[in-house]
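Reader: I have a structure to look at and some questions about it. Can we go through them one at a time?

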Amino acid sequence: MCSSAPATPQLLPTELLSSEELTGFLESVFPRSFFPHPPTSPKSPKALLTAPPRKRPFVTLTYAQSLDGKIAGPGGKQIRLSGDESMRLTHRLREIHDSILVGVGTMISDDPQLNARLPVLLPLPSQPQPIILDTNLRTPTSARLMKNYHMRITPRPIILCEGGEKASAERKEALEASGATVKELEVDEQGRLSLESLLKQEYVGQSLMVEGGASVISTFLASGLVDLVVMTIAPVLIGDGVSMLSKGAIPPELRLVARKTFGHDIVIVCRPVQRVV
Ligand SMILES: NC(=O)C1=CN([C@@H]2O[C@H](COP(=O)(O)OP(=O)(O)OC[C@H]3O[C@@H](n4cnc5c(N)ncnc54)[C@H](OP(=O)(O)O)[C@@H]3O)[C@@H](O)[C@H]2O)C=CC1
Ligand SMILES: Nc1nc(O)c(N)c(N[C@@H]2O[C@H](COP(=O)(O)O)[C@@H](O)[C@H]2O)n1
């Protein structure tokens with residue numbers, strides 16, 4: 001009798017992308033105007049996104065989600081969804097943007113570093129300017145962004161708050177002493193920090209990468225200010241967790257720009273379009 005062991009499911013070998021392929025992918029999804037000097041090396045400079053001045057910065061929204069549309073686990077627990085290949089793409093995206101933004105929810109849950117730190121990219125002439133939307137200055141003073149600033153790894157983070165009584169002078173002082181710059185920003189009709197106003201600020205530069213979390217993804221998508229959405233879809237299911245869109249979010253219509261397999265993940269790039277009512 002022939003007894004054979006049950007077959008072990010095998011994952012297909014991942015396709016390793018060369019740096020040139022990665023660069024080619026970026027060139028194919030960003031508008032031509034952003035590539036005045038085609039990047040030739042993996043250490044392509046920010047020139048990738050330095051084009052003639054735009055009316056407002058180019059906004060790229062990027063995040064990783066599970067097959068059931070979750071970006072974090074129960075209670076906002078951070079989950080590494082991207083595989084090595086798609087994470088390389090995320091770090092290349094960080095490299096080519098002038099600034100990078102998260103909400104205070106992500107600061108509290110993830111304590112992110114928000115820098116491009118793939119060995120092949122290092123040392124970078126400059127890292128993106130970290131920006132945090134934090135109306136009431138809830139960012140922990142112990143955040144890694146501050147430590148990285150002191151170690152000269154990344155620029156001094158900018159924490160944006162609502163002026164006046166909401167942002168206590170004490171918190172402002174504590175955050176500035178820990179290594180952040182606190183600035184005030186106008187609020188919109190809903191009382192949230194105004195994204196329109198944000199994009200007029202010089203420190204945003206010519207290109208902003210928005211990394212999340214769910215509330216920030218939702219408000220940016222609803223704002224009509226996003227130029228490109230780069231989503232990584234990982235082949236996992238999370239179940240209870242944080243959905244990529246907050247409850248009640250009004251997402252725009254999307255048009256597919258490109259899709260590509262990165263290891264075991266699929267990266268889908270879309271362009272928001274105005275809804276025709
Ligand atoms: N998988 C992925 O790619 C990513 C996953 N995540 C996950 O997302 C989760 C965090 O998401 P979430 O809790 O929604 O927090 P966010 O990071 O989206 O921060 C939201 C907070 O930012 C402040 N804020 C100020 N102005 C605005 C504005 N205009 N629009 C939106 N927010 C504004 C508000 O707090 P206040 O009123 O106090 O200012 C708001 O509650 C974490 O679990 C994290 O792990 C995060 C990033 C990427
Ligand atoms: N691209 C991507 N893939 C995942 O699987 C993720 N969990 C995230 N999260 C985002 O990256 C931040 C962490 O960044 P650092 O590694 O600390 O620099 C996290 O806060 C999310 O914004 N992204």
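Author: Start with a definition. A residue is buried if 20 or more other C-beta atoms lie within 10 Å of its own, and exposed if 12 or fewer do. Keep in mind that this is a predicted model.

Reader: Is Leu114 buried or exposed?
Author: Count the neighbours. Leu114 has 26 other C-beta atoms within 10 Å. The cut-off is 20 or more. So Leu114 is buried.

Reader: Where does Leu114 lie, and what is its phi?
Author: Leu114 lies in the loop between α3 and β4 (129–133). Leu114 is not a glycine, yet its phi is positive. The value is about 55°.

Reader: Which loop holds Leu137, and is Leu137 buried or exposed?
Author: Leu137 is in the loop between β4 and α4 (144–150). Its phi is positive too, near 55°, and it is not a glycine. Leu137 has 23 C-beta neighbours inside 10 Å, so Leu137 counts as buried.

Reader: Let's step back. How many helices and strands does the protein chain have, and what share of its residues is buried?
Author: The protein chain has 7 helices and 11 strands. It has 277 residues. The share that counts as buried is 39%.

Reader: What is the strand order of the open sheet?
Author: The open sheet has 9 strands. Neighbouring strands are turned by 25° against each other on average, direction ignored.

Reader: Which strands stand at the edges?
Author: Look for strands with a single partner. One side of such a strand is left without a neighbour in the sheet. The edge strands are β6 (181–184) and β10 (253–262).

Reader: How many bridges join β10 and β11?
Author: Strand β11 covers residues 265–273. Its pairing with β10 is antiparallel. One facing pair is Thr261 and Ile266, the latter in β11. The number of bridges is 9.

Reader: What angle does helix α1 make with β10?
Author: Helix α1 (residues 19–29) packs on the sheet. It touches β8 (228–233), β10 and β11. Its direction and that of β10 make an angle of about 170°.

Reader: Why is β7 largely enclosed?
Author: Look at its pairings. Strand β1 (residues 58–65) runs parallel to β7, with 4 bridges between them. Strand β3 (residues 99–103) is also parallel to β7, again with 4 bridges. The rest of the structure largely encloses β7 because its buried residues number 6 of the 6.

Reader: Which residue of β7 is the bridge partner of Thr60, and which is that of Leu101?
Author: Take Thr60: its partner in β7 is Met209. Now take Leu101: its partner in β7 is Val210. The answers, for Thr60 and then Leu101, are Met209 and Val210.

Reader: How far is the C-alpha atom of Met209 from that of Leu93?
Author: Met209 is buried, with 26 other C-beta atoms within 10 Å. Leu93 is among its contacts, and so are Thr60, His97 and Pro128. Along the chain, Met209 and Leu93 are 116 residues apart. Their C-alpha atoms are separated by 7.6 Å.

Reader: Which residues have the most contacts inside the largest nonpolar core?
Author: That core has 60 residues. The residues with the most contacts inside the core are Ile159 and Leu160.

Reader: Which element gives the largest share of the shell around ligand 1?
Author: The shell around ligand 1 has 30 residues, and Gly212 and Gly213 are among the closest. By type they are 13 nonpolar, 12 polar and 5 charged. The largest share is 5 residues, and it comes from α3.

Reader: What is omega for the peptide bond from Gly212 to Gly213?
Author: Gly213 lies in the loop between β7 and α7. The bond from Gly212 to Gly213 is cis. Its omega is near 5°.

Reader: Last one. Which elements each supply at least two residues of the shell around ligand 2?
Author: Ligand 2 is surrounded by 16 residues, with Ala64 and Asp110 among the closest. The shell divides into 6 nonpolar, 7 polar and 3 charged. The elements are α3 (104–110) and β7 (207–212).

Key:
Residues are numbered from 1 along each chain as its sequence is written. Chains are lettered from A and ligands numbered from 1 in the order in which they are written. This is a predicted model: local features need pLDDT of at least 70, side-chain atom pairs count only at pLDDT 80 or more; totals for chains, interfaces and linings use all residues. A residue is near a molecule or strand if its C-beta atom, placed from the backbone, lies within 6 Å of it. Ala, Val, Leu, Ile, Met, Phe, Trp, Tyr, Cys and Pro count as nonpolar, Asp, Glu, Lys and Arg as charged, and the others, Gly among them, as polar. Two strands pair if DSSP finds at least two bridges between them. A nonpolar core is a set of buried Ala, Val, Leu, Ile, Met, Phe, Trp, Tyr and Cys residues joined through C-beta atoms within 7 Å. Two residues are in contact if their C-beta atoms, placed from the backbone, lie within 7 Å. Axes are lines fitted to C-alpha atoms, for helices over the stretch in contact, and angles run from 0 to 180 degrees between N-to-C directions. Lists of a residue's contacts leave out its neighbours within four places in sequence.
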